[in-house]
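Hi,

Here is the structure I promised to pass on.

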Amino acid sequence: MDSWVDLYWLPLGAGGWFVRTNGRVYERLAAWRGHRPASDLYHSALMVRADDVTYAVEMGPVWNVADDDRGVLCEGPVGAYGLGRLRPFRYEVRCWAGGRIPDVADAIASPVRTTEDPARVASVLAVLEQVPPLVWGRDELGTGEMWNSNSVVAWALARAGHDMGVIRPPTGGRAPGWIAGLELARRQLQARPGGSALAPPG
């Protein structure tokens, strides 16, 4: 049976100047504080194929996809819990059967096939049902990085048993929030009886 998980790296703000401009400002400040060159920033998403169905997996604003049957797994607040009462400040995590990733045509060095193992593909879909609705843009877990779309993708792949040491953004790029997802997965797996440790983040 045809089963696979494909990872897409989308330039931050693809399809919208506001996010793109603010992302560049954020990265310049982060690079200045870290005494390093600025990097290209990426937002990650997945396409998952299982049981003859293809799913689009992505975190995005609750208002940017109009389809009522878009496979919303959870919603969470943006910036602060109080702001989440307002629709413009809520995100959703989607696992959309037959769906699409907006702006996928802008993806760089993609898709990256992460697995064709049916059991691991099924595991990715299963763990996504447990994705935590943490505050976007905040470091509630104390990992040193904000929680965002990259966190969700990294967390799901790591929880499903991928070798995360070999999955990296395109050359010269960075995926803010990625390590937050890896760290949460590591903590959960270590706390689980018989859980295995993950490869350390690169």
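Predicted model: local features only at pLDDT ≥ 70, side-chain atom pairs only at ≥ 80, totals over all residues.

Let's start with E58, which sits in strand β3, the stretch covering residues 53-61. Its relative accessible area is 9%, so E58 counts as buried, the cut-off being under 20%. What does the side chain of E58 make a polar contact with? The partner is the side chain of H43, at 2.7 Å. H43 is also on the list of residues that E58 touches beyond four places in sequence, together with A45, E92, V93, R94, I101 and P102.

Next is R70, in the loop between β3 and β4. R70 has 11% relative accessibility and is therefore classed as buried as well. A polar atom of the R70 side chain lies 2.8 Å from the backbone oxygen of D67. Setting aside neighbours within four places in sequence, R70 contacts V62, V65, E92, R94, C95 and W96. E92 and R94 turn up in the contact list of E58 and in that of R70.

Finally, the surface. L86 belongs to the loop that links β4 (72-77) and β5 (90-97), and with a relative accessible area of 46% it is partly exposed. Together with L83 and F89, L86 forms a nonpolar surface patch, with about 240 Å² of accessible area for the three together.

Cheers

Technical notes
Residues numbered from 1 in each chain as written. Heavy atoms only, no water. Helix = DSSP H or I, 4+ residues; strand = E, 2+ residues; numbered from the N terminus. Buried < 20%, exposed > 50% of the residue type's maximum accessible area, 1.4 Å probe, protein only. Contact = heavy atoms within 4.5 Å. Polar contact = N/O pair within 3.5 Å; in protein donor to acceptor, adjacent residues only side chain to side chain. Patch = residues over 30% accessible without salt bridge, like charges linked within 9 Å, V, L, I, M, F, W, Y side chains within 5 Å. Areas by Shrake-Rupley, 256 points an atom, 1.4 Å probe, with all protein chains shown as cover. Salt bridge = Lys/Arg side-chain N within 4 Å of Asp/Glu carboxyl O.
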